[in-house]
Amino acid sequence: MCTYITAKVDTEGSGKGAEGWFPLTETTVYFDHPVHASADHTLNIDFRNPDRGAGARVAVELTAETARALATAILETLDAVPEGVA
Amino acid sequence: MSDAFLSTTVRITGHEGAEIEAYAAIAQDEAPRGGVVVIHHLPGYDDGTKEIVRRFGHLGFNAVMPNLYWHDAPGAAPDDAAAAGRAKGGVPDERLVGDVAGAAQYLRSLPNANGKVGVIGYCSGGRQSVLAACSLPLDAAVDCYGAFVTGDPSGLEGHPLRHISPLYDKLPNLNCPLLGLFGAEDKHPSPEEVAELEQLLTKFGKSFDFHSYPGAGHAFFAVERPAFRPEAAKDGWERVASFFGKHLSA
């Protein structure tokens, strides 16, 4: 199904898109049909900068298992950062 | 009658007079024929749905698919435009109706149009097909596994970036025959939600024809996805061709 579920996160950082690096301002996260991945549904993340146009986007489509593993890895990595660094 | 058609990107007048992009398949002879508005699913104006437009051209109809995300990002790559639209919560119902109205007018204006126009949509477009048929003077509508025509989307609460509500208040206004094609294994819409829609359409005295395919779930027409079910898709296409052939003839 088209889930209609979308979360948005204000974002500070940079991404590398089709035309090189650019600053990121927002990220949308949703679970829906992918454009390219070979799955019926995927966890999709768009790292974006709408002020630079719709093409200022870094996109990923991940299987649910991959997305959960990635989320865990992100949190574990952040938790392992020495105090005072992050 | 020739079987030649031209498939091409065109500009049409959409919601509130805005010029939007659309993908069309236009028969190349003068024999009068009906037209079909194709509504793409939420992820966007993509290759798979353009193939469906061409299929309608092959079947002898004129067809057009408005790019529903053109308003959000004119000129952007379709997947980027879909992402921009998604970030705004998707396609507002009012805008969808305006774009389908413009697409229908485009089809009626073609030199070989017979004046009849139908609408078909898949997934989110299934719901939008019913919405359009409840809002516009159309001659036939097809709903392919559209969720939240009936049912309760409250499970989506907490996700404010959405434009979705069921169509209970609009169903009394359905103004053309409706063909519904569903997967018996689908959960959105569930068999219970499809049965509720059947009951309501019966109650309101509407003309409809529903089929649910055993062994098929959501998106069984989608040839490049694991959900593809060839037997259901083959039978479904035959039913769609027959339905539009009947209701879009002059």
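# Exercises on a two-chain predicted model

Among contacts in chain A between residues at least 6 apart in sequence, 36% join residues at least 24 apart (contact: C-beta atoms, placed from the backbone, within 7 Å). The model is predicted: local features need pLDDT of at least 70, side-chain atom pairs count only at pLDDT 80 or more, and totals for chains, interfaces and linings use all residues. Residues are numbered from 1 along each chain as its sequence is written, while chains are lettered from A and ligands numbered from 1 in the order in which they are written.

## Exercise 1

Describe the build of chain A and the arrangement of its sheet.

**Solution.** 

Step 1. Chain A holds one helix and four strands, which follow one another as β-β-β-β-α along the sequence (DSSP runs numbered from the N terminus: helices are H or I of at least four residues, strands E of at least two).

Step 2. The C-alpha trace of chain A spans about 45 × 30 × 20 Å along its principal axes. Of the 86 residues in this chain, 28% are buried (20 or more other C-beta atoms within 10 Å of the residue's own; 12 or fewer is exposed, in between partly exposed).

Step 3. The four strands form an open sheet in the order β1-β2-β3-β4, with antiparallel pairing (pairing requires at least two DSSP bridges). At its edges are β1 (6–17) and β4 (57–62) of chain A, each of which pairs on one side only. The twist from one strand to the next averages 25° (axes are lines fitted to C-alpha atoms, for helices over the stretch in contact; angles run from 0 to 180 degrees between N-to-C directions).

Step 4. Within the sheet, β2 (residues 20–32) and β3 (residues 42–48) of chain A are joined by seven bridges in the antiparallel sense. In one of these strands, β3(A), A:Thr42 is the bridge partner of A:Asp32.

## Exercise 2

Which helix of chain B packs on the sheet of chain A, and which residues make up the contact between the chains, by class?

**Solution.** 

Step 1. The helix is α2 (residues 78–87) of chain B, which touches β1, β2, β3 and β4 of chain A and makes about 70° with the direction of β2(A).

Step 2. Chain B brings 31 residues to the contact and chain A brings 23 residues. On the side of chain B, α2(B) gives the most, with seven residues.

Step 3. That side of chain B divides into 17 nonpolar, eight polar and six charged residues (nonpolar: Ala, Val, Leu, Ile, Met, Phe, Trp, Tyr, Cys and Pro; charged: Asp, Glu, Lys and Arg; polar: the others, Gly among them).

## Exercise 3

**Solution.**

How values were computed:
Contact = placed C-beta atoms within 7 Å.
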